[in-house]
Protein chains: 2
Amino acid sequence: MKTLPRKDQIRLKAQVLFREKGYVASSMRDIADTLGIEAASLYNHISSKEEILQDICFSMAESFFVAIEPISTEDIAPDEKLKKAITAHIGVIAANSDASAVFLHEWRHLGNPSLADFKLMRRRYEKIFAAMLEDGIRTKAFRVVDVALTVRTLLSAMNWTYEWYNPKGKVDPTAMSVHICKLMLDGLRS
Amino acid sequence: MKTLPRKDQIRLKAQVLFREKGYVASSMRDIADTLGIEAASLYNHISSKEEILQDICFSMAESFFVAIEPISTEDIAPDEKLKKAITAHIGVIAANSDASAVFLHEWRHLGNPSLADFKLMRRRYEKIFAAMLEDGIRTKAFRVVDVALTVRTLLSAMNWTYEWYNPKGKVDPTAMSVHICKLMLDGLRS
DNA sequence: CCTACCGATCGGTAGG
DNA sequence: CCTACCGATCGGTAGG
């Protein structure tokens, strides 16, 4: 039961506020209140409000890459690989639902150069999924689809799931993953 | 080439700003600047900043209902009905991409009672899609799925499309609809 | 970590 | 539709 470093406590509380009210509408005083200190005291641990947002966004990006990259290089069937990737992605979201919400919605309030870096990382991440789809198309495991469009649809289908881990988990991550895998691979038709 | 009423001009300019910077980060002075007037002058046409957000959110909600409700009562096969509904929904987004972005992301900055009304409308809208899925499951056109979960996945798969009608339309709405219909009904597997 | 405070900006009003 | 202005609040700093 070790107490976290103050900086981590700040990020954790800020995540919840940023998710609930949005980054811009959350003030430093709001964050300080949740910690029982004055707003000015926050600046002993962080240098700016935006630094908190940066920490959240980039550490989440890191988590997604760490989860997905090893899978992308595995030598398994395309449909199995995609399933593992979907499951891993949703697993990261489920384990960090507040941070995921912030990562997904508040990144645009980053200033440059962080904003440009963030967009590049996102493109890199999309390309990993694109490569998995292209592999599947080439080996005839998947039908021919517009890859860019399918990647975006797939990511959107996964990225709303943080909402279900809101206050208390309604559905477990495994069930979500199984559902989305099946829907994306085989569709709704019986 | 009739000039729009000032109030509509305000909403149109605000849509673009709210989409780009978010509702909270967009000031009344920002909006006034795009119209070449002073911030104080806006209050001759609207009563508050939030009223603009309300107008955008509720007029979009209205557009979605107007598009989807007639389809929901048609007497056609479940898969055809779902296709028409997806096409109609994406059509509304494509025709109002700025307002759609605001509708989808900024609604939470509504105050009560608007916020509560908005959430109710959204639930009503989800139920229309849920009923279409349940019909399909009952008649064996669709396989048995978790309906609530599938509705959310489907809506998410459709609702990112406003991004592709950003500055200039990259893809036409018809292509987007065909793609998403096919993916949702038959999946990725060949 | 606090007190005390800064300049900037916010949504909005009064009065014309 | 403008000038002039309001109180509130913002992110952040100085100094201890």
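These are my notebook entries on a predicted model.

**Entry: chain A overall**

I began with chain A. I counted 8 helices and 0 strands there. Read along the sequence, the pattern is α-α-α-α-α-α-α-α. I then looked up the extent of the chain. Its C-alpha atoms fill a box of roughly 60 × 35 × 30 Å along the principal axes. Of the 190 residues in chain A, 48% are buried. I also checked contacts between residues at least 6 apart in sequence. In chain A, 66% of these join residues at least 24 apart.

**Entry: α4 and α6 of chain A**

Next I looked at a helix pair. Helix α4 of chain A spans residues 78–95, and helix α6 of chain A spans residues 114–138. Their axes come within 9 Å and cross at roughly 155°. An angle over 145 degrees counts as roughly antiparallel, so α4(A) and α6(A) are roughly antiparallel to each other. I noted the crossing of α4(A) and α6(A) as left-handed. Which residues make the contact? From α4(A) I listed P78(A), K81(A), L82(A), A85(A) and H89(A). From α6(A) I listed Y125(A), F129(A), M132(A), L133(A), D135(A) and G136(A). By class, the contact of α4(A) with α6(A) has 7 nonpolar, 2 polar and 2 charged residues.

**Entry: α5 of chain A**

I moved on to helix α5 of chain A, residues 97–105. Its buried residues are S97(A), A99(A), S100(A), A101(A), V102(A) and F103(A). What covers them? The cover includes α1 (6–21), α3 (49–72), α4 and α6 of chain A.

**Entry: R152(A)**

I looked up an arginine next. R152(A) sits in helix α7 of chain A, residues 147–159. Is R152(A) buried or exposed? Its relative accessible area is 16%, and buried means under 20%, so R152(A) is buried. I then set aside its neighbours within four places in sequence. R152(A) is in contact with E126(A), and also with W160(B), E163(B) and W164(B) of chain B.

**Entry: A61(B)**

Then I turned to chain B. A61(B) belongs to helix α3 of chain B, residues 49–72. At 5% relative accessibility, A61(B) is buried. Apart from neighbours within four places in sequence, A61(B) is in contact with F103(B) and M121(B). I also checked A61(B) against F118(B). They are 57 residues apart along the chain, and their C-alpha atoms are separated by 8.4 Å.

**Entry: α4 and α8 of chain B**

I looked up a helix pair in chain B as well. Helix α4 of chain B (residues 78–95) packs with helix α8 of chain B (residues 173–186). The angle is about 140°, and the axes are 9 Å apart. That angle makes α4(B) oblique to α8(B). I recorded a right-handed crossing for α4(B) and α8(B). On the α4(B) side, the contact is made by D79(B), L82(B), K83(B), I86(B), T87(B), I90(B) and A94(B). On the α8(B) side, it is made by P173(B), M176(B), S177(B), I180(B), C181(B) and L185(B). The contact of α4(B) with α8(B) divides into 9 nonpolar, 2 polar and 2 charged residues.

**Entry: cysteines**

Last, I looked for disulfides. How many are there over all chains? A search of the whole structure finds 0. I checked two cysteines of chain B for burial. C57(B) is buried, with a relative accessible area of 0%. C181(B) is buried too, at 6% relative accessibility. C181(B) is also one of the α8(B) residues in the contact with α4(B).

Conventions
Residues are numbered from 1 along each chain as its sequence is written. Chains are lettered from A and ligands numbered from 1 in the order in which they are written. This is a predicted model: local features need pLDDT of at least 70, side-chain atom pairs count only at pLDDT 80 or more; totals for chains, interfaces and linings use all residues. Side-chain values use heavy atoms; hydrogens and water are left out. A disulfide is a pair of cysteine sulfur atoms within 2.5 Å. Buried means under 20% relative accessible area, exposed over 50%, partly exposed in between (1.4 Å probe, protein chains only). Axes are lines fitted to C-alpha atoms, for helices over the stretch in contact, and angles run from 0 to 180 degrees between N-to-C directions. Helices (H or I, at least four residues) and strands (E, at least two) are DSSP runs, numbered from the N terminus. Angles under 35 degrees count as roughly parallel, over 145 as roughly antiparallel, 65 to 115 as roughly perpendicular and the rest as oblique. A crossing is left-handed if the near helix is turned anticlockwise from the far one by less than a right angle, and right-handed if clockwise. Contact means heavy atoms within 4.5 Å. Ala, Val, Leu, Ile, Met, Phe, Trp, Tyr, Cys and Pro count as nonpolar, Asp, Glu, Lys and Arg as charged, and the others, Gly among them, as polar.
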